[in-house]
Amino acid sequence: MNPFEFIGLFRRAFGERAGLPLAFWYSDSPLAANGKIQGCMFRVFADVLEGASVSLSLDNIGCGGGKLYAGFAPMGEHIPNFVSNNEHYKDSPEAVVGFIHALRIEMAGKRYLNITRVDKLASFDGVEGVVFFATPDVLSGLCSWAFYDNHSSDAVTSAFGSGCSAVFTQAVNENRANGRRCFLGLFDPSARIHFGADILSFAVPMSRFREMCATLPHTCLIEQSPAWDKIRTRING
């Protein structure tokens, strides 16, 4: 399925007011020219959701955690202490180290992480995953869609981590393992401040997204469903 076909199905399922997802992938040449991002990478996402593109790199990500979770740099020595004793997100630096080691973050191997809205793509070739930034009503639909043909208890999952680990690291790892999990995120207060109060992220690895594109016409989102019809109307009201 190409992006144009997906967008047509997505609009049938969710209506015109639901935001399109962003696609992300690595390359050795940038999709866009960007200056230094001071602090959290999510500062620039409002523009990307409006149709701009961004190419993240070791040189323009201003956050050490962002560099780590995007796969551009190993864990900085300051990160465990910062997350535990400055942000107070874990009870010890050792717990942070254990979490990061368990993630098994692969180095990107390429210079840029490109991010753009799916309507800016000609194809999904090379894409690692897509991420929706969604309200509870839209998340209800996304979860229903993901649960339709994946009966595992972790079909949709969430774990401790930064916003960028939930959006990028987990989805990239899952895609490269040909996995089927989707990831809820933006529970990290440091990332949440850059989004609306009713927005969470829903990241889908491309390995799973291809399957979900095939099942979408058969789910309650497009088949007649009185409950979903009411929710779709509310989304677009």
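Is phenylalanine 124 buried or exposed? Phenylalanine 124 counts as buried because its relative accessibility is 8%; buried means under 20% relative accessible area, exposed over 50% and partly exposed in between, with a 1.4 Å probe and protein chains only.

Before going on, note that this is a predicted model, in which local features need pLDDT of at least 70 and side-chain atom pairs count only at pLDDT 80 or more, while totals for chains, interfaces and linings use all residues. Residues are numbered from 1 along each chain as its sequence is written, and side-chain values use heavy atoms, with hydrogens and water left out.

**Aromatic pairs**

A search of the whole structure finds 16 aromatic pairs. Rings of Phe, Tyr and Trp (its six-membered ring) pair if their centres lie within 6.5 Å; planes under 30 degrees apart count as stacked, over 60 as edge-to-face and the rest as tilted.

Select phenylalanine 6 together with phenylalanine 124: they form an edge-to-face pair, 6.4 Å centre to centre with 70 degrees between the planes. Phenylalanine 6 is in helix H1, phenylalanine 124 is in the loop between strand S3 (112-117) and strand S4 (129-134), and the two are 118 residues apart. Helices (H or I, at least four residues) and strands (E, at least two) are DSSP runs, numbered from the N terminus. Phenylalanine 6 counts as buried, at 0% relative accessibility.

Next, select phenylalanine 42 and phenylalanine 195, whose ring centres are 5.5 Å apart and whose planes are at 70 degrees, so this pair is edge-to-face. Phenylalanine 42 lies in the loop between strand S1 (22-27) and helix H2 (45-49), and phenylalanine 195 in the loop between helix H8 (189-192) and strand S7 (200-205), so the pair ties together parts 153 residues apart in sequence. Phenylalanine 42 is buried at 1% relative accessibility, and phenylalanine 195 is buried with a relative accessible area of 13%.

Now show Phe6, Phe10, Phe14, Phe124, Phe132, Phe202, Phe209 and Trp228, which form one aromatic cluster.

**Two loop residues**

Select histidine 88, in the loop between H4 and H5. Histidine 88 is exposed, with a relative accessible area of 60%, and its phi is near 60 degrees, a positive value in a residue other than glycine. Most residues other than glycine have a negative phi.

Leucine 186 sits in the loop between S6 and H8. Its phi is near 70 degrees, also positive in a residue other than glycine, but leucine 186 is buried, with a relative accessible area of 1%.
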